[in-house]
Amino acid sequence: MTKLILLCFLSIFCFALASHAATYVVGDTSGWDISSDIDSWASSKTFNVGDVLLFQYSSSHSVNEVRKESFETCSTTNILRKFSNGNTTVILSNSGIRYFVCGNKLHCLGGMKLKVDVDEKSTSVGAPQAQSEGAATLPQPSSKSNNPSTVIPTSTGYMNGGFQSQLIASMCLTAAMLLEINVGI
């Protein structure tokens, strides 16, 4: 019984660690757009391993993940990954600095670029990588269009699965205790 209770407490601990991932809509209400102040948006956020960036943008933009040198010069010739589906999710699966630019060099030079410093505070075992263009993304369609008055929800960051994970772990503990009571009778 002691081993079972210990296992349940370890499960609860693991679920609690995994449930602290936040999803951020890049640029908040403006989205990934030339009108967004991406630097100010990013400076007010703390990004951790397991967090998700959601880029929402019109067809005149794209998201390119690049190296530092390409970020500084807004070069789009040596990109690591390119996304152009208008609703891109990128999971921050490793700590370190990540760089993103718009595929239009003039937009990048105008400030459409993002530097994200990912902290190791959150642990994420086997986090999936960002999905390539054409792959499935989050279920909601992009609300970003060529109309700049379109509103996108703000992103203060929200938890993914925190309550559900804790509920499952609590049910596991309760079941283990009930099993011990029934076996002990």
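Colleague: Which residues do ring pairs link into a cluster?

Modeller: This is a predicted model, in which local features need pLDDT of at least 70, side-chain atom pairs count only at pLDDT 80 or more, and totals for chains, interfaces and linings use all residues. Residues are numbered from 1 along each chain as its sequence is written, and side-chain values use heavy atoms, with hydrogens and water left out. Rings of Phe, Tyr and Trp (its six-membered ring) pair if their centres lie within 6.5 Å; planes under 30 degrees apart count as stacked, over 60 as edge-to-face and the rest as tilted. The cluster joined by ring pairs consists of Tyr24, Trp41 and Phe47.

Colleague: Why is the pair of Tyr24 and Phe47 edge-to-face?

Modeller: The ring centres of Tyr24 and Phe47 are 5.1 Å apart. The pair is edge-to-face because the planes stand at 75 degrees.

Colleague: Is Phe47 buried or exposed?

Modeller: Buried means under 20% relative accessible area, exposed over 50%, partly exposed in between (1.4 Å probe, protein chains only). The relative accessibility of Phe47 is 3%, so Phe47 counts as buried.

Colleague: What is the angle between the planes of Trp32 and Phe55?

Modeller: Trp32 is buried at 0% relative accessibility, and Phe55 is buried with a relative accessible area of 0%. Their edge-to-face pair has a centre-to-centre distance of 5.1 Å and an angle between the planes of 90 degrees.
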